[in-house]
Amino acid sequence: GFGSGFVMVNQLPVSIPTDLAGTSADMAIEHDLAWSLLFDAGRYVAVVSKRDAAMTVFDFAELKGDDHGVTWVALADGVLYATLGGHRMTGVAKAIAVSLTDGKVIWQSDTDVCNSQNFLVHGSHLVCGYAGEESSLTVLSRLDGTTVSRLPLELQPQYIAQEGGRLLLRGDMKDQTFTIK
């Protein structure tokens with residue numbers, strides 16, 4: 001459902017470190033094989049293995065701009081996908097892909113494509129919501145971050161979820177459903 005993956009920091013297993021250099025985690029996201037923890041308003045993202053609690057920390061200081069840190073994370077195929085810029089923020093809202101192996105940025109999307117509270121990894125694409133003057137459901141290529149398609153929306157998208165072959169979108173206290181192909 002909506003908010004799938006989000007976990008309250010105080011509900012994490014005790015083996016998961018929730019402190020980084022004196023800063024407490026702001027948010028935690030559960031993935032199949034790891035946890036992602038966001039620190040210092042999204043400046044740092046720690047990926048913690050569920051298998052052995054090994055932790056890798058990524059510093060997004062150079063990418064985040066003025067107080068527009070990482071807001072959501074997904075892990076797939078050795079890549080950390082993240083959004084920068086808060087919900088409904090414009091001019092900074094973008095997605096990025098970072099190698100989990102060496103921490104290098106693989107790509108950055110254009111701005112103003114992804115500022116919903118979350119996004120989905122669907123096959124070879126990221127499905128993002130953008131809330132702004134021209135709200136949209138945006139599909140990005142996982143390969144290079146280019147915009148594959150952009151569907152104008154009447155509502156301001158906040159959350160995206162997938163149930164079977166349906167994409168669920170919530171915004172402005174309304175829900176909208178799409179068929180995924």
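Strand S9, residues 94–99, is mostly covered, with 6 of its 6 residues buried. Here "buried" denotes a relative accessible area under 20%, "exposed" one over 50%, and "partly exposed" anything in between, using a 1.4 Å probe and protein chains only. Strands are DSSP runs of E of at least two residues, helices are runs of H or I of at least four residues, and both are numbered from the N terminus. The model is predicted: local features need pLDDT of at least 70 and side-chain atom pairs count only at pLDDT 80 or more, while totals for chains, interfaces and linings use all residues. Residues are numbered from 1 along each chain as its sequence is written, and side-chain values use heavy atoms, with hydrogens and water left out.

The side chains of S9 may be considered next. In a regular strand, side chains alternate between the two faces of the sheet. In S9, Lys94, Ile96 and Val98 point one way, whereas Ala95, Ala97 and Ser99 point the other way, and all of these are buried.

Two strands are said to pair if DSSP finds at least two bridges between them. Strand S8, residues 79–84, pairs with S9 in the antiparallel sense over 6 bridges, and in S9 isoleucine 96 has alanine 82 standing opposite. S9 is also joined by 3 bridges to strand S10, residues 105–108, and these two run antiparallel. S9 and S10 form a hairpin with 5 residues between them, and in the turn glycine 103 has a positive phi of about 75 degrees.

Is serine 109 buried or exposed? Its relative accessibility is 7%, so serine 109 counts as buried. Contact means heavy atoms within 4.5 Å. Not counting residues up to four places away in sequence, serine 109 touches Lys94, Ala95, Leu140 and Gly145. The C-alpha atoms of serine 109 and aspartate 144 are separated by 8.0 Å, although the two residues are 35 residues apart along the chain.

Alanine 21 lies in the loop between strand S2 (19–20) and strand S3 (23–30). Its phi is positive, about 50 degrees, although the residue is not a glycine. With 81% relative accessibility, alanine 21 counts as exposed. Alanine 53 is found in the loop between strand S5 (44–49) and strand S6 (55–59). Phi of alanine 53 is near 60 degrees, also a positive value in a residue other than glycine. Alanine 53 is partly exposed, its relative accessible area being 31%.

The protein as a whole can now be described. Its secondary structure comes to 1 helix and 17 strands. The radius of gyration is 16 Å, close to the 16 Å that the globule rule gives for 181 residues, so the protein is as compact as a globular protein of that length. This radius is taken over C-alpha atoms, and the globule rule is 2.2 Å times the number of residues to the power 0.38. The C-alpha trace spans about 45 × 35 × 30 Å along its principal axes. Of the 181 residues, 45% are buried. Among contacts with a separation of 6 or more, 34% are between residues 24 or more positions apart.
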